[in-house]
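Q: Hi! I have a new model open and I'm a bit lost. Can you walk me through it?

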Amino acid sequence: MHIHIENDASGPLALHLSREMLQQQLDAHPILRSHFTLTENSDATQTAMFLANCDVMWSGRKLALDAFTAPRLGWVQVMSAGVEQWLANWREDVMLTNASGVHGDKGAEFILMAALMFNFGIPGFLQDQAQRLWRPTFGGCARGKTVLLLGVGGIGAAAANRLTAQGYRVIGVTRSGQCDADVASCIRIDDIDDVLPQVDVLVSTLPLTPQTNRLFDRRRLDLLPVRAGVVIVGRAAVFDYTSLREKLCAGELAGAVLDVYPQEPLPIDDALWNTPGVVMTPHCSLDDHSAYLQGCLDVFIDNLVRFRSGQPLRNQVDVARGY
């Protein structure tokens with residue numbers, strides 16, 4: 001069985017999986033040793049040659065599989081949690097697995113940090129500092145305040161644990177209205193309008209699917225109370241950023257911590273740069289490059305064992321649902 005590694009030549013070297021590194025992992029595993037051949041590629045002009053003969057692919061970059069002839073390919077492991085860019089014209093006979101859960105620890109810490117920033121008024125203080133304004137505000141502790149957590153997958157579940165331990169009342173939101181995370185309650189995504197007026201912090205870890213695209217339009221944003229802060233670490237297209245910016249400019253939200261944007265890098269003339277109450281990070285809140293590759297590789301090795309034995313794969317994407 002042949003595994004092909006497709007690295008992203010433009011990406012950080014810390015996220016490149018070498019053939020030697022994978023071979024070491026295979027050799028150390030008694031079930032996987034001596035059962036695979038490997039190739040590695042970072043040159044997009046040679047991808048077609050490698051895909052023609054592979055059974056399994058590890059990919060650090062997006063590929064349009066329908067543009068290649070890959071008759072033996074049965075499974076693709078990607079290094080991202082979001083997979084919407086892979087799904088156009090996806091082959092039904094190829095399984096797709098993602099990196100869900102690898103971001104969990106760092107993502108949870110970032111989300112907790114962002115929630116606490118709103119509790120202590122930090123977005124407002126940063127704005128006042130830029131204008132040299134001295135305006136003390138005195139609030140209470142986080143305990144008992146409500147976080148609405150959109151998406152309770154790998155990142156969301158880890159965040160729910162941290163937030164609940166801090167004393168927040170966490171309401172999870174999933175497609176089914178069910179989850180195993182440490183939350184006070186879990187509701188269906190169709191029922192969010194009923195709870196939005198109660199929210200102190202709205203956190204989105206949602207992937208982009210037909211159901212989540214522009215889920216938070218102006219109407220839903222208007223249901224949030226003025227005290228609410230917004231944290232977005234999932235896909236940007238879940239939100240109407242223009243309406244979000246307008247509400248922030250009007251002082252109708254407590255602020256926003258944003259890690260993702262409609263266009264990246266964010267253009268230098270984009271109005272978000274100067275929007276009051278916005279704390280921006282450049283799409284780096286979830287990734288730990290010192291541990292991310294190994295985390296993805298742990299998922300892959302576990303799945304190789306499952307793949308050889310015919311068991312269901314971990315993190316397998318439901319192509320119809322988009323995650």
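Q: Which strands make up the open sheet that has 5 strands, and in what order?
A: The order is β2-β1-β3-β4-β5, and the pairing is parallel. Strands here are DSSP runs of E with at least two residues, helices are runs of H or I with at least four, and both are numbered from the N terminus. Two strands count as paired if DSSP finds at least two bridges between them. Keep in mind that this is a predicted model: local features need pLDDT of at least 70 and side-chain atom pairs count only at pLDDT 80 or more, while totals for chains, interfaces and linings use all residues. Residues are numbered from 1 along each chain as its sequence is written, and side-chain values use heavy atoms, with hydrogens and water left out.

Q: Thanks! Which strands sit at the edges of that sheet?
A: Those are β2 and β5 (95-97), each of which pairs on one side only.

Q: And what holds strands together in general?
A: Strands of a sheet pair through backbone hydrogen bonds, either parallel or antiparallel.

Q: OK, how many bridges join β1 to β2?
A: There are 5 bridges between β1 (residues 2-6) and β2 (residues 37-41).

Q: Where does α1 pack?
A: α1 packs on the sheet and touches β1 and β2, with its direction at about 155 degrees to that of β2. Contact means heavy atoms within 4.5 Å. For the angles, axes are lines fitted to C-alpha atoms, for helices over the stretch in contact, and values run from 0 to 180 degrees between N-to-C directions.

Q: Which strands does α8 lie across?
A: Helix α8 (residues 292-309) lies across β1, β3, β4 (75-78) and β5, and it runs at about 160 degrees to β4.

Q: New topic: what's the strand order in the sheet with 7 strands?
A: That open sheet goes β8-β7-β6-β9-β10-β11-β12, with parallel pairing. Its edge strands are β8 (185-188) and β12 (278-280). The twist from one strand to the next averages 15 degrees. Further in, 4 bridges join β9 (residues 201-204) to β10, and Ser204 stands opposite Ile232 in β10.

Q: How many residues are in the largest nonpolar core?
A: It has 33, and Leu148 and Phe239 have the most contacts inside it. A nonpolar core is a set of buried Ala, Val, Leu, Ile, Met, Phe, Trp, Tyr and Cys residues joined through side-chain atoms within 4.5 Å. Buried means under 20% relative accessible area, exposed over 50% and partly exposed in between, using a 1.4 Å probe and protein chains only.

Q: What does Leu148 touch?
A: Leaving out residues up to four places away in sequence, its contacts include Ile171, Val173, Ile187 and Val195.

Q: Why do Phe216 and Phe239 count as stacked?
A: Their ring centres are 5.0 Å apart and their planes lie at 20 degrees, so the pair is stacked. Both Phe216 and Phe239 are buried.

Q: Last one: where is the cis peptide bond?
A: The bond from Glu264 to Pro265 is cis, with omega near -5 degrees. You'll find Pro265 in the loop between β11 and β12.

Technical notes:
Rings of Phe, Tyr and Trp (its six-membered ring) pair if their centres lie within 6.5 Å; planes under 30 degrees apart count as stacked, over 60 as edge-to-face and the rest as tilted.
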